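Work through these exercises with the structure open. Try each task before reading its solution.

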Amino acid sequence: RSLDPEVRRVLDAAFEGNERPRGEQVRAIARQAGLTENQCRIWFQNKRQREKAQQLDESNAQLRAQNEVLAMYVRALRENNQRREDMNVRFMEDIHSADREFAGVVAYLERRLHQRQAPPTTARGAGPGAVPVPPALSYIVAPAQAAAAAFDPGSMNIAMSLL
């Protein structure tokens, strides 16, 4: 049954002062509220249980909110990890491609060294037995050819036309 508002105010005020009244305190509160000692004790037990349940509900709500934040954080981390893994795959592909290209350059240079030929005049090579220039070296070979053509062995100077 529902308590009279005045009785509820008396009990709530007593609860604010002491959640666990004993002996004479219970008798005094019961007299003031117009209840039996047993009714007063039961009201205090129920009130403590309600307070505890409310605190648990609030705590659970906070934990749920924190859990949601953590779940969003974990999702963001997983997405970030996936992006990084994708980048790593692309980087590894680039490294393997560069490694293959470098191996081609090394092979070209080794063939040139063994053949002891002059550098070709075009990217395709010049004359019989010339070794084709790999695309990775074309930016080096053309200026080197121009420098070799302009070199004056008598004065040991590079022609001013290159500057």
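**Exercise 1.** Find what share of the contacts with a separation of 6 or more joins residues 24 or more positions apart.

Solution. Take the contacts in the chain with a separation of 6 or more. Residues 24 or more positions apart account for 38% of them. The model is a predicted one.

**Exercise 2.** Decide which residues of helix α2 are buried, and on which side of α2 they lie.

Solution. Helix α2 spans residues 23–33. Buried means under 20% relative accessible area. In α2, V26, I29, A30 and A33 are buried. They cover an arc of only 100° around the axis, so they sit on the same side of α2. An α-helix has 3.6 residues a turn, so residues three or four places apart point the same way. Now turn to the other side of α2: R31 and Q32 are exposed there. The cover over the buried residues includes α1 (5–17) and α3 (37–115). Just after α2, G34 has a positive phi of about 80°.

**Exercise 3.** Describe how α1 packs against α3.

Solution. Two packed helices are described by the angle and the distance between their axes. The axes of α1 and α3 come within 11 Å. They cross at roughly 65°. The crossing is right-handed. Next, the residues: L11, D12, A14 and F15 in α1 meet C40, W43, F44, K47, R48 and E51 in α3. Sorted by class, this contact has 6 nonpolar, no polar and 4 charged residues.

Notes: Residues are numbered from 1 along each chain as its sequence is written. This is a predicted model: local features need pLDDT of at least 70, side-chain atom pairs count only at pLDDT 80 or more; totals for chains, interfaces and linings use all residues. Side-chain values use heavy atoms; hydrogens and water are left out. Buried means under 20% relative accessible area, exposed over 50%, partly exposed in between (1.4 Å probe, protein chains only). Helices (H or I, at least four residues) and strands (E, at least two) are DSSP runs, numbered from the N terminus. The arc is that of the directions from the helix axis to the C-beta atoms. Contact means heavy atoms within 4.5 Å. Axes are lines fitted to C-alpha atoms, for helices over the stretch in contact, and angles run from 0 to 180 degrees between N-to-C directions. A crossing is left-handed if the near helix is turned anticlockwise from the far one by less than a right angle, and right-handed if clockwise. Ala, Val, Leu, Ile, Met, Phe, Trp, Tyr, Cys and Pro count as nonpolar, Asp, Glu, Lys and Arg as charged, and the others, Gly among them, as polar.
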